[in-house]
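User: Could you walk me through this structure, one question at a time?

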Amino acid sequence: MNTPAFIQVDNLERTFPGPMGQDPVTVFRNLNFTIEQGEFVCLIGHSGCGKSTILNILAGLDEASAGYVFMENKEVTGPGLERGVVFQGHALMPWLTVRENVAFAVKSRFKDKPKSEINAQVEKFIDMVGLSHAIDKKPHQLSGGMRQRVGIARAFAIEPKMLLMDEPFGALDALTRGVIQDELLEICRATGQTVFMITHDVDEAILLADKILLMTNGPLAEVAECAENPLKKPRSRQEMHHDGHYYPFRNHLMDFLVNGPSTAYADKLEGDAPPPVEAPADGPRKVVNG
Amino acid sequence: MSQSMTFRASIVSILILLVFLGAWWGATLPTKVDLGDMDPEYAKMMGLDTMQESDIPTPGDIGSAIWTHLSDPFYVAGSNDMGIGIQLAYSLWRVLAGFALAALVAVPLGFLIGMSPLMRKALDPYIQVMKPISPLAWMPLALYIIQDASISSIFVIFICSIWPMLVNTAYGVAAVRDDWLAVAKTLEVGPLRKAFKVILPAAAPTILTGMRISMGIAWLVIVAAEMLVGGTGIGYFIWNEWNNLDLANVIFAILLIGVVGMILDLIFGLLGKVVSYKEV
C-alpha cells in the first residue's frame, strides 16, 4: 500500500470483563479494514457481534483492548469534532428546541464565529433535512423520523471529516426509513461525506454503501468479507433492483447472515457479469432482523 | 370535561368548608348553664350567667381576628407587639436566608457526589448519619457557638434544608442519560460548559423537586425554632399568644402559616414546571 488509507483499523480487539468471576468475553478480534475519503461503508452483522462497540471505538467513546484505529495517520485516542456521530436513539436534548440542539453542536465546533454565522449554519443544515418549518419545536413535538433527521442535521452541521452512524433508522417505520435514506444519499452525494454506518438492513446497505463489511457472530466475531458494492452509482431505491447485480448480491448478503461465511462475492464473479441467481434451497427466505 | 370537573370539585370544596364552619359554629354556641335555685342577682355578681360563652373561639372571633391583623399588618408598638406582617417577614427572611445558604452548598456538592462515584461512597456515611437528625437538636450547639438567636435559627433552617437538595441533586446528576454525555464528549465540550449546558438542565427538574421538599421542611421547622428562641417571627407570635391565652390569634396564626406554606410550595411548583422537559 503506497498511500495510507483515510481510516485504518488494525487488529482491533475488544474484551469485556466477565460477569462475577467468569472468564472475560472477547466480543471481536483481528479486525482489519480501511475506509477511503468520500467512501460510504456499511457494517452488517447480527446483534451481539459488537457492531456498536466498533462504532464507539471509532468515535473515541470506548477503548479497544488491543489494536489501533488511525485517522489520517493519527491514532484515534478519544472523541473529537472531526468525527460526527448520529446516535441510535437520536440523543437530542429534550429541553432544547431543534434550533438550539443543532446550535449547541455548531457552537462547539466553531467557537469563534459570530452569532449570525452560527445561525446561518444552523438554519442551512436544518433546511437540508427539510425541517425548517419545525425549527422552533421541542423534540417531544416531533415524530420519530423528524427527530432522527435533527440528529443527522446536528452531525452534518459540524462538518466532520467522518460521519459515524449507529443504526440510525432502526427505530423508524419502513416508509419513513426509505424517505430519510433517499435524503441521506442525496446529502452524501452533494457533500462527498465519508460515512461509516452500522445497519442490519441488507437493502439499506446495498442502497447506501460503497463497501459492505460482513461480520460473523460474536463472541470472537471477525470481519469475514469486505464486499465492494457491485451495483452501479448513482443508485436509487426505485431503480436499483433492475441492476443485474441486485439479486445475486442481495442473496449473497442474506446467505451470509443466515448461513454464515462462504465464497466472497468478488470470487463468484466471472469477469464483470453477475453470477446466476439460485433459488433458495430451504423454501421461503428467512427474514433476518427486518 | 376537565372544566366541569374543576367546577364540580370547587363546589364540593365550598360545601366541605360550609359544613366545617357550621359544625364549628354549632359546637361553640353559648351553652345554657343550669344555675339551680341560685339568686340571679348573686349569679351575676359571681360572673355566672344562664348563657355561658364557649372557651373555644367561634368562627366569628376568628373572622374578626383576621380582620384586625390584616387591616394593620405592619405596625410596631414595642418589642412584644408588632404587626403580623412584620413577624411573618422575620420568619420568611430566616427561611430564605437559611435556604439560600443551603442551596449554595448543596447544589455544587450534589454535583460532585453525582459525578464522582468515589465521592458518593466517601460521603455517604456522613449524609446517612446527618440526615435523620432533627434540626432542632442542633439548636443548643448553634446558640452556644453563634451566640445569636436569629442567626442560630437561620443555621437550623440551613441544616434542615440541605439534605433533600443534596440527595436530589446528586441523584439527578448521576441519572443524566449517557446519550447526552456522549454527545457532549463527541463535540469536545469543556467541563464547565458540560456542567451548565447539559448536566444542569438535565438534572434541573430533580434538583427543583429537592428544593421544593427542602422549602417545605424549612417552613415546618422555622415555627418550632422561633418558639424555642423567641423574640420575633410567626413561631414566636403563636407562643406569645398562647401565653396570652388568646386562642383566636393562635388559630389565625395557624391558618396564616398554612397559607404562606402553600404559596411557597406553589412558587416552587411553578419553577419546577419552567425547568421540566418531556423525555422522548
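This is a predicted model: local features need pLDDT of at least 70, side-chain atom pairs count only at pLDDT 80 or more; totals for chains, interfaces and linings use all residues.

User: Glad to start with confidence. Which element of chain A has the lowest mean pLDDT?
Analyst: Chain A averages a pLDDT of 87, and 94% of its residues score at least 70. Among the elements of chain A, helix H2 (residues 98-109) has the highest mean, 95. The lowest mean, 80, belongs to helix H8 (residues 265-268) of chain A.

User: Are the two faces of strand E8 of chain A covered or open?
Analyst: Let's take the faces in turn. In a regular strand, side chains alternate between the two faces of the sheet. On one side of E8(A) sit A:Thr194, A:Phe196 and A:Ile198, and on the other A:Val195, A:Met197 and A:Thr199; all are buried. Both faces of E8(A) are therefore covered.

User: Which strands of chain A pair with E8(A), and in which sense?
Analyst: One partner is strand E3 (residues 40-44) of chain A, with five bridges to E8(A), and here A:Phe40 stands opposite A:Val195. Another is strand E7 (residues 162-166) of chain A, also joined to E8(A) by five bridges, where A:Met165 has A:Met197 as its bridge partner. The path from E7(A) to E8(A) goes through helix H5 (residues 174-191) of chain A in a right-handed β-α-β crossover. So the partners are E3(A) and E7(A), and the sense is parallel.

User: Nice. Is A:Tyr68 buried, partly exposed or exposed?
Analyst: A:Tyr68 is in strand E4 (residues 66-71) of chain A. Leaving out residues up to four places away in sequence, A:Tyr68 touches A:Asp10 and A:Glu75. A residue needs 20 or more C-beta neighbours within 10 Å to be buried and 12 or fewer to be exposed. A:Tyr68 has 14 inside 10 Å, so the label is partly exposed.

User: How are helices H3 and H11 of chain B oriented to each other?
Analyst: The axes of H3(B) (residues 59-71) and H11(B) (residues 247-275) are 9 Å apart, at an angle of about 70°. Residues making this contact include B:Ile62 and B:Ile66 of H3(B) and B:Ile251 and B:Phe252 of H11(B). Angles of 65 to 115 degrees count as roughly perpendicular, so that is how H3(B) and H11(B) lie: roughly perpendicular.

User: Last one: which helix gives the most to the side of chain B that touches chain A?
Analyst: In this contact, 15 residues of chain B meet 19 residues of chain A. On the chain B side, helix H8 (178-186) and helix H9 (191-229) each supply at least two residues. With six residues, the one that gives the most is H8(B).

Conventions:
Residues are numbered from 1 along each chain as its sequence is written. Chains are lettered from A and ligands numbered from 1 in the order in which they are written. Helices (H or I, at least four residues) and strands (E, at least two) are DSSP runs, numbered from the N terminus. Two strands pair if DSSP finds at least two bridges between them. A crossover is right-handed if, with the strands pointing away from the viewer, the path from the first strand over the helix to the second runs clockwise. pLDDT is the predictor's confidence in each residue, from 0 to 100. Axes are lines fitted to C-alpha atoms, for helices over the stretch in contact, and angles run from 0 to 180 degrees between N-to-C directions. Angles under 35 degrees count as roughly parallel, over 145 as roughly antiparallel, 65 to 115 as roughly perpendicular and the rest as oblique. Two residues are in contact if their C-beta atoms, placed from the backbone, lie within 7 Å.
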